[in-house]
Amino acid sequence: MKRQDQLLEFVNRKGFRKGWSAFIIAFFLLFVVLPTVFVVTYAITDWDAISITVLSNPKTMAIIWDAIAVSFAIAVIVTVIDFFAGLPVAWMLVRKDFRGKELLDTLIDMPLAVPTAALGFSAAIFWVVDPSPVPLSLSIISSPFILIVLLHVVFSYPYMVRSLAAILEEIDETYETAGRTLGASRLTAARTITLPLFRAGLATGVILCFSRSMSETGGTLIALSTMSSLGIVAADSFATGPTLIADWRTLSFTDPSYTPALAFVSILLIILSLVLLVVLKLLIMKFHLPLRRVWPMPEKMLSRGIFPKLKDGSALFFLAMIVLVPSFFIFTYVLFATPQAAEWDSFIFALGYSFLLAGIVTIIDIALGIPFALYISKHREKRSSHVLDVLVNVPLIVPTAALGISLTLFWSNIGSLSGLEFFILVLAHVAFTYPLVVRNVAGAVEEIDPSYEETARTLGANPMQSFRRVLYPLVKGSILAGAIMAFTRSLGETGATQAILGNNAPTAPVFIVALVQSDAFFQAGLACIILIIVSYVFMLMLRYITRKRKEVI
């Protein structure tokens, strides 16, 4: 106990706190931001090549602008759909008790654990028009744009639900109860009292969903390839910004003339996305939501009878048919496909490798992401805090393929990568998962009244004690949400991993991609099912451990 007291005393020293703050900021800048945007240096060193081969070529510029416009349109539509479809489910998870709630809570996260390439394949065979459709598939979509919107909703929907639910857990329900005792209906109280407190959570959800859609590469490529193989010609010429980067990256291995165009698209996508995300966050945080006008009779009617049930039923139907069924349709495919022999030793090794990688990445994210989130949330008066708050979104918007390339270029300039593959993969996965923890925790901290901690400090609690006893219990839901997002995002990543190590990367998602590319769909489906089941069990264990810790506290 004496050693523990001495350790706490050392940690609470002002000098240590300043040094720790400097360390987490330096880590973020040197190991997350700098390697992520290192590709920008290409524009500085080779601007003449970009000017000659890209800017002076109208056909190339038209392809680039069309792809970027499609990316932005899809991301905006997906984010709007996620909010309106995700808010009722988040509300159900936090404010209502019903049988099967824990199962629903876990199922929402399951699409995050499915490898993006497998998810793209599963959604495509479920939605796309097929001359010989798989049994139980809808087979109704022939538009690449609609297919990618639906696919990106599957990827991003859990982020919106988790962000809104985490904030809703921290909003005191007594405010809403007080409004109802004064005569307000459920809808009026929720719309005029609770929703205005959602701004930080909404900003987090919008940033995560928009960024996830903008950066998606692997699943989109596989979905378009599957669509093309089913005879949809329009899929051959359809491209988003990230898929254009991936296509030109492949061509650049044999034709270096594509390199300037590849760098220009990456840089343009990063800059435009960053500007739009800043504007979106400012609008959300300053916009007064919702309208203050009240319609007593209509809102009272919508708060009773069949209307709440219709709302909840529609939200659950959307979750089932748009998110869950396309995600897990691979089960149906395997059920009706012709069985084939397979060698599973390699997959078992890849699965263990992936879990080790995702586990280490998540530990790093939590250990360094929570203090960083606290720093930017509690130092809003400093301009540097606002700058860091903007920079933390950068890794989210960089296409994962471009992120892997940028990281490879960055570390190869420092030294040889031989023997450091796992280390580079850890840093690469930390780069795009670190912001998930920071965004969730920062959004939660901003919604908590600072007087709670101030009161604890006046009663003699040191900073560490006030965090452990006051702040941590209030933001634990957001920490868990960020940890699940980070773990599943790392576990299912393909684009960045392939960009660094190619198809020889010993991870489960890359192994599955190799099976899909070799037309071994049955083996790929079985591998996906195993990965889904193992991930599901892991998340149940994580929630159980968290719940037991809460009971102890």
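Reply: A residue is called buried here when its relative accessible area is under 20%, exposed when that area is over 50%, and partly exposed in between, with a 1.4 Å probe and protein chains only. Helices are DSSP runs of H or I with at least four residues, numbered from the N terminus. The model is a predicted one, in which local features need pLDDT of at least 70 and side-chain atom pairs count only at pLDDT 80 or more, while totals for chains, interfaces and linings use all residues. Residues are numbered from 1 along each chain as its sequence is written, and side-chain values use heavy atoms, with hydrogens and water left out.

Of its 12 residues, 12 are buried, so H8 is largely enclosed by the rest of the structure; among them are Thr116, Gly120, Phe121 and Trp127. The expected span of a helix is 1.5 Å times one less than its number of residues, so the 12 residues of H8 should span 16 Å, and the end C-alpha atoms, 16 Å apart, agree with that.

Leaving aside neighbours within four places in sequence, Asp130 is in contact (heavy atoms within 4.5 Å) with Ser139 and Leu230. Asp130 and Leu230 are 100 residues apart along the chain, yet their C-alpha atoms are separated by 6.0 Å.

Elsewhere, Thr60 in helix H5 is likewise buried, with a relative accessible area of 15%, and touches Thr53, Val54 and Trp248, not counting residues up to four places away in sequence.

Aromatic pairs are rings of Phe, Tyr and Trp (its six-membered ring) whose centres lie within 6.5 Å, counted as stacked with planes under 30 degrees apart, as edge-to-face over 60, and as tilted for the rest. The whole structure contains 17 such pairs. One of these, the tilted pair of Phe72 and Phe210, has its centres 6.1 Å apart and 55° between the planes. This pair links distant parts of the chain, since Phe72 belongs to H5 (residues 58-95) and Phe210 to helix H12 (residues 199-215), 138 residues apart. Both Phe72 and Phe210 are buried.

How values were computed. Helices (H or I, at least four residues) and strands (E, at least two) are DSSP runs, numbered from the N terminus.
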